[in-house]
Amino acid sequence: MLTIGCHLSSSKGYLSMGKTAVSIGANTFQFFTRNPRGARAKALDPKDISAFLEYAGEHRIDKILAHAPYTLNAASAETRVREFARTAMADDLERLEHTPGNCYNFHPGSHVGQGAEAGISLIADMLNQLLKPEQATTVLLETMAGKGSEIGGKFEELREILDRVELSGHMGVCLDTCHVWDGGYDIAEHLDEVLNHFDRVVGLGRLKAIHLNDSQNPLGAHKDRHAKIGHGFIGLEAMARIINHPALKHLPFYLETPNELDGYAQEIKLLREHAR
Ligand code: FE
Ligand code: FE
Ligand code: ZN
């Protein structure tokens, strides 16, 4: 069965997200660990967590995905910004140990003119300070569109980060279909070639999640504007090939399309109809 969900607001806690997911036909979901502007995370409510874990078991909600605030930039040239990234991620990882066995996704960062090489080593430094041998959460690097000085627009950059992380067994990759398309990887016409390239450079075994988004822009635009499924340049047929691809179909898929809940419910239904 296809594991699919969408990005949900975390403001009412875990149980509420689980119930919302079930109400729209989802069997997983993604959420921000804190306000994207980087404010303090709300205190964890142990009752909410245990009620959620029970509900998730009963409703077969599998593999939820936490997303770091997108303002987090471990590759910044400013110490203060890097310090925020490290503190926020350390706190997120500690909290996520209460829902073990899931993944935590983050945008690798922007090197803001220092060069990709410098940025990559700052990102790896942060991960080396934060990862713990005993942790039960896998940290995912998200593939990016390569907008501005963003790191992660090329599979090779993700490989370089992974190579420098000592506890890299706790690391994986989340592939965002809009981002790789905008980054110049033709997943609409050449999905097999793109996945072979990913496998050679990163390794398909590292791939733990897919952000399923259409793109408002043509291949290689480096823009990062998500479109509804079937309403962008990637198209519904390509989306159907992605969710059914033998190398991908076992992965959890997360929609980050411009939708309210009813729109997400319709997309989930549409994609389930296309799942073989
Ligand atoms: Fe993201
Ligand atoms: Fe994404
Ligand atoms: Zn995006």
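This is a predicted model: local features need pLDDT of at least 70, side-chain atom pairs count only at pLDDT 80 or more; totals for chains, interfaces and linings use all residues.
Author: Residues are numbered from 1 along each chain as its sequence is written, and side-chain values use heavy atoms, with hydrogens and water left out.

Reader: What makes residues 79–96 a helix, and what span does H3 reach?

Author: A helix is a DSSP run of H or I with at least four residues, and a strand a run of E with at least two, numbered from the N terminus; H3 has 18 residues. The expected span is 1.5 Å times one less than the number of residues, and H3 reaches 26 Å from its first C-alpha to its last, close to the 26 Å expected.

Reader: How do you know where the buried residues of H3 lie?

Author: Buried means under 20% relative accessible area, exposed over 50%, and partly exposed in between, with a 1.4 Å probe and protein chains only; the buried residues of H3 include Val81, Ala85, Met89 and Leu96. Seen down the axis, the buried residues fall within an arc of 155°, taken from the directions from the helix axis to the C-beta atoms, so they line one face of H3. The face turned away carries the exposed residues Thr79, Arg80 and Glu94.

Reader: Why is S9 called largely enclosed?

Author: Five of the six residues of S9 (residues 207–212) are buried, so the rest of the structure largely encloses this strand.

Reader: What makes S8 and S9 a pair?

Author: Pairing requires that DSSP finds at least two bridges between two strands, and four bridges join S8 (residues 171–176) to S9 in parallel.

Terms used: Chains are lettered from A and ligands numbered from 1 in the order in which they are written.
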